[in-house]
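Here are some friendly notes to read alongside the model. Please keep the structure open and follow the points in order.

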Amino acid sequence: MISKKQLFFAVLFCIGLFSSNSLKAQFTSSSDSAFKEGKPNSGRLWGYMFSDYYYKSHADSLNRGGNNQYTGIPKNRNAFQIRRIYLGYDYNITKKFSAELLLAAEDNFPAFNPPTSASASGDELSNGKLSFYIKLANIRWKNVWKGTDFIFGQQATPAFPLLSEKIWNYRSVERTIADIRRTPSYDLGGGLQGVFDPETKNFGYDILIGNGSSAKPAGTSFKWFYGDIYHWFFNKKVVVDLYADYQRLNWAPTWHHDRQMWKGYIAYTTPALTIGVEAFVNTLRNDTKATLISGGADTINTAAQGISTYIHGNIVKNKLRFFARFDMYNPNKKINNNLYDAYAGISSPSGYNSGSYEAKYNNTGAVSSVIATGDITSKENFVTVGLDLTPVKNVHIMPNIWYTHYASQLSTGTNADYDLVYRMTFYFVFGK
């Protein structure tokens with residue numbers, strides 16, 4: 001018969017054995033290196049956050065740029081702000097299959113846009129608190145044929161997050177130029193990510209068919225088709241990339257309404273210095289109501305175009321870097337002052353419309369009401385410059401300037417103005 005003392009030590013041994021195995025499993029399941037090696041039943045927990053202290057030195061008098069971070073925020077406003085929190089888990093089911101889950105909490109756009117307003121907002125609840133949502137949730141079938149993975153579920157799109165955003169490297173400061181206009185960075189669907197040369201991986205492609213509604217349920221049966229092809233040159237120092245997408249928006253016999261984008265990208269990138277140029281043309285067919293000077297109105301295409309140029313590099317290796325970027329954006333190059341005197345967007349899908357946002361403030365400085373309007377004639381020029389101080393790996397302190405200039409293309413438009421913000425941005429990464 002087992003004595004109480006023997007039973008006590010047996011229980012202690014089992015607990016110790018279980019704890020040891022649990023700790024070992026815990027270590028394996030959260031090991032970045034094991035996950036990268038494709039070890040079955042291995043995973044990694046990771047995440048990052050970027051936030052700012054900002055001061056808005058000047059505000060555009062017409063509150064233009066509805067897709068921008070600081071539209072509608074009054075002059076002299078200052079605040080601490082979280083713009084993004086990521087919490088992700090990647091898991092290898094087997095060497096052939098892996099899963100990805102990413103939770104995100106992101107700021108409202110504009111930052112002071114109340115969740116109860118009719119304007120587009122971010123991830124604030126009705127009580128004003130920030131909330132997580134499911135941004136990515138997918139399964140990857142690796143090497144479904146040599147050099148190509150099949151991904152099903154909510155996943156990164158080929159538009160910019162798989163390549164150009166990574167090379168820009170400063171999403172913590174600002175989105176890429178296509179991302180600002182709300183071309184989806186993630187979508188629910190089925191995609192292929194692969195290379196034509198598995199041995200060198202210089203020549204690759206990404207394609208995806210998705211709902212076109214990001215994390216929201218599909219509202220129509222029309223799908224968004226994404227395609228991207230790229231090639232690396234000079235020992236992966238130079239990349240050339242061509243992207244295209246297409247989506248029907250309405251398809252009635254009397255109204256064929258769709259959207260199609262072409263985007264090109266070229267970059268020279270090394271750990272010491274990166275220079276990049278990204279440009280697009282996005283055509284929204286039958287998307288603008290143009291009022292004729294002679295009376296009446298036409299329905300015309302909206303042709304948005306933009307170009308972004310940037311540079312970033314080392315000042316002190318691994319400790320201090322610099323970055324600078326200049327964007328030019330025209331929400332509609334079809335403006336014709338000899339024929340039309342007013343323009344109104346019909347649907348402005350995906351933010352390709354220089355929408356304006358008017359905020360009303362009470363005597364305490366709080367937002368009392370908002371009015372969302374549209375201005376599809378104002379060109380925008382965006383500038384950011386700053387420093388990137390890295391006291392330790394994966395921790396960044398970045399003083400920077402955020403500036404956007406607006407100018408109407410109408411013959412009567414004399415309302416040039418700008419938004420100017422001074423920021424101290426804080427960014428950290430863990431688990432990667």
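1. Thr274 sits in strand E11, residues 273-292; helices (H or I, at least four residues) and strands (E, at least two) are DSSP runs, numbered from the N terminus. Its side chain makes a polar contact of 2.9 Å with the side chain of Thr269. A polar contact here is a pair of N or O atoms within 3.5 Å; within protein, one must be able to donate a hydrogen and the other to accept it, and residues adjacent in sequence count only if both atoms are side-chain atoms.

2. A word on the source: this is a predicted model, in which local features need pLDDT of at least 70 and side-chain atom pairs count only at pLDDT 80 or more, while totals for chains, interfaces and linings use all residues. Residues are numbered from 1 along each chain as its sequence is written, and side-chain values use heavy atoms, with hydrogens and water left out.

3. Which residues surround Thr274, leaving aside its neighbours within four places in sequence? Thr274 is in contact (heavy atoms within 4.5 Å) with Ile167, Tyr268, Thr269, Tyr310, Ile311 and His312.

4. Ala272 lies in the loop between E10 and E11. At 42% relative accessibility, Ala272 counts as partly exposed. Beyond its neighbours within four places in sequence, Ala272 is in contact with His312, Gly313, Asn314 and Arg321. Ala272 and Asn318 are 46 residues apart in sequence, and their C-alpha atoms are 9.5 Å apart in space.

5. Now for the interior. A nonpolar core is a set of buried Ala, Val, Leu, Ile, Met, Phe, Trp, Tyr and Cys residues joined through side-chain atoms within 4.5 Å. The largest such core has 25 residues, of which Tyr48, Ile167 and Val239 touch the most other members. Elements giving two or more residues to this core include E1, strand E3 (97-106), helix H3 (164-168), strand E10 (255-269) and E19. E1 provides the largest share, three residues. A second, separate core of 12 residues includes Ile177, Leu208, Tyr243 and Tyr329.

6. Arg44 and Asp90 meet through their side chains in one of them, at 3.0 Å from N to O. This pair links distant parts of the chain, with Arg44 in strand E1 and Asp90 in strand E2 (residues 78-92), 46 residues apart. Arg44 counts as buried at 11% relative accessibility, and Asp90 counts as buried at 5%. Asp32, Lys36, Arg44 and Asp90 are linked in a network of salt bridges.

7. How far apart in sequence are the parts tied together by Asp419 and Lys56? The closest N and O atoms of this salt bridge are 3.1 Å apart. Asp419 lies in strand E19 and Lys56 in strand E1, so the pair ties together parts 363 residues apart in sequence. Asp419 is buried, with a relative accessible area of 1%, and Lys56 counts as buried at 0%.

8. Arg259 and Asp245 form another salt bridge, with their closest N and O atoms 2.6 Å apart. The pair links distant parts of the chain: Arg259 in strand E10 and Asp245 in strand E9 (residues 238-252), 14 residues apart. Arg259 counts as buried at 1% relative accessibility, and Asp245 counts as buried at 2%.

9. Finally, please turn to the surface. Tyr53, Tyr55, Phe80, Val385, Ile401, Tyr422, Met424 and Phe426 form a nonpolar patch there, with about 720 Å² of accessible area together. Patches are made of residues with over 30% relative accessible area and no salt bridge, like charges being joined within 9 Å and nonpolar side chains (Val, Leu, Ile, Met, Phe, Trp, Tyr) within 5 Å; accessible areas come from the Shrake-Rupley method with a 1.4 Å probe, and for residues only the protein chains shown count as cover. Strands E1 (42-58) and E19 (417-430) each supply at least two residues of the patch, and E19 gives the largest share, three residues. Tyr422 lies in strand E19 and counts as partly exposed at 39% relative accessibility.

Note on methods. Salt bridge = Lys/Arg side-chain N within 4 Å of Asp/Glu carboxyl O. Buried < 20%, exposed > 50% of the residue type's maximum accessible area, 1.4 Å probe, protein only.
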